[in-house]
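Work through the exercises below with the coordinates open. Try each task before reading its solution.

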Amino acid sequence: MKGVIFTELFNVVEQSQGANFLDDLIDACDLPSCGAYTSVGTYDFAEMQTLVAELSKRTHIPAAALLEHFGQHLFKRFHALYPNLFAGHDCPLRFLMEVEVVIHKEVLKLYPEAELPSFTTLDHTPNSLTLLYESRRGLAPLALGLIRGCLLHFDTLGTVNMEADPAGFNKAVFTIQLNS
Ligand code: HEM
């Protein structure tokens with residue numbers, strides 16, 4: 001997993017819980033990288049799983065809720081870090097449809113070793129979009145937060161529903177309905 005995801009997780013933990021909490025979290029996780037991430041580096045995804053599990057234990061917040069919150073924060077950071085990818089966009093549904101075919105393709109040009117999920121558009125109307133998320137990393141709750149962050153970014157009101165596969169978060173159908 002790319003370092004930028006780890007460094008952004010650390011930023012959100014530090015902002016909400018403080019620097020000492022973050023240091024204790026990193027120590028408790030006993031990570032092979034020692035938690036010394038650079039945004040362009042690539043690290044074992046297992047370290048993200050360890051960090052989120054430990055964070056969940058320490059905050060008593062379920063891992064899925066933590067990932068969703070993080071996803072919402074991450075969307076704002078993607079806007080700050082990669083403004084070019086937002087150029088010309090004013091519709092959250094169009095933006096979300098382009099994650100698979102344009103945005104993550106650009107991400108792969110920047111970071112050829114990135115491990116990205118797949119998003120398949122199952123249905124779309126001017127006010128709604130149904131997306132199928134699939135990934136070996138099982139981060140559907142992170143996608144939920146990113147989608148919610150996308151609606152907020154474009155100042156659009158609407159609902160986002162996630163129907164995860166009974167087997168887990170490797171597969172989920174998202175239905176985004178904008179208020180008309
Ligand atoms: C400009 C916007 C975006 C950028 C720059 C971006 C970039 C990235 C990057 C760098 C990663 C990490 C890949 C790795 O660690 O190897 C990632 C992962 C991911 N992205 Fe995006 N992304 C964007 C928008 C979105 C949106 C809107 C969604 C949701 C619909 C999304 C869903 C995900 C998910 C769920 C992952 C975690 C990996 C997985 O589930 O397999 N991304 N993205």
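The exercises go from the whole chain to single residues.

This is a predicted model, in which local features need pLDDT of at least 70, side-chain atom pairs count only at pLDDT 80 or more, and totals for chains, interfaces and linings use all residues. Residues are numbered from 1 along each chain as its sequence is written, and side-chain values use heavy atoms, with hydrogens and water left out.

**Exercise 1. Secondary structure**

Task: count the helices and strands of the protein chain, then give their order.

Solution. Start with the definition: helices (H or I, at least four residues) and strands (E, at least two) are DSSP runs, numbered from the N terminus. The count for the protein chain is 6 helices and 4 strands. Next, read the order from the N terminus: α-α-α-α-α-β-β-α-β-β.

**Exercise 2. Overall dimensions**

Task: compare the radius of gyration of the protein chain with that of a compact globule.

Solution. The radius is taken over C-alpha atoms, and the globule rule is 2.2 Å times the number of residues to the power 0.38. For 180 residues, a compact globule would come out near 16 Å. The protein chain has 16 Å, so the two agree. As a further step, take the principal axes: the C-alpha trace spans about 50 × 35 × 30 Å.

**Exercise 3. Burial, contacts, surface and charge**

Task: find what share of the residues is buried, and what share of the contacts joins residues at least 24 apart.

Solution. Buried means under 20% relative accessible area, exposed over 50%, and partly exposed in between (1.4 Å probe, protein chains only). Of the 180 residues in the protein chain, 44% are buried. Contact means heavy atoms within 4.5 Å. Take contacts between residues at least 6 apart in sequence: 60% of these join residues at least 24 apart.

Now the surface. Accessible areas come from the Shrake-Rupley method with a 1.4 Å probe; for residues, only the protein chains shown count as cover. The protein chain exposes about 9,500 Å². Carbon and sulfur atoms supply 53% of that area.

Last, the charges. Lys and Arg count as positive, Asp and Glu as negative; His and the chain ends are not counted. Each charge is placed at NZ of Lys, CZ of Arg, CG of Asp or CD of Glu. The chain has 12 positive and 21 negative charges, and their mean positions are 3 Å apart.

**Exercise 4. Strand pairing**

Task: which strands pair, and in what sense?

Solution. Two strands pair if DSSP finds at least two bridges between them. Strand β1 (residues 118-125) and strand β2 (residues 128-134) are antiparallel, joined by 7 bridges. They form a hairpin with 2 residues between them.

β3 and β4 form a hairpin with 2 residues between them. Here Asn-161 has Thr-175 in β4 as its bridge partner.

**Exercise 5. Phe-95 and its surroundings**

Task: is Phe-95 buried or exposed, and what does Phe-95 touch?

Solution. Find Phe-95 in helix α5 (residues 92-110). Its relative accessible area is 4%, so Phe-95 is buried. Skip residues up to four places away in sequence; Phe-95 then touches Phe-75, Leu-85, Phe-86, His-89, Ile-103, Cys-150 and Phe-154.

Follow one of these, His-89. His-89 sits in the loop between α4 (63-81) and α5. At 19% relative accessibility, His-89 counts as buried. Beyond its neighbours within four places, His-89 contacts Arg-94, Phe-95, Glu-98 and Phe-154.

**Exercise 6. Two backbone cases**

Task: what are the phi values of His-60 and Asp-155, and where does each residue lie?

Solution. Recall the background: most residues other than glycine have a negative phi. His-60 is not a glycine, yet its phi is positive, about 60°. His-60 lies in the loop between α3 (45-59) and α4. With 71% relative accessibility, His-60 counts as exposed.

Asp-155, again not a glycine, has a positive phi of about 55°. Asp-155 lies in the loop between α6 (140-153) and β3. Asp-155 counts as exposed at 73% relative accessibility.
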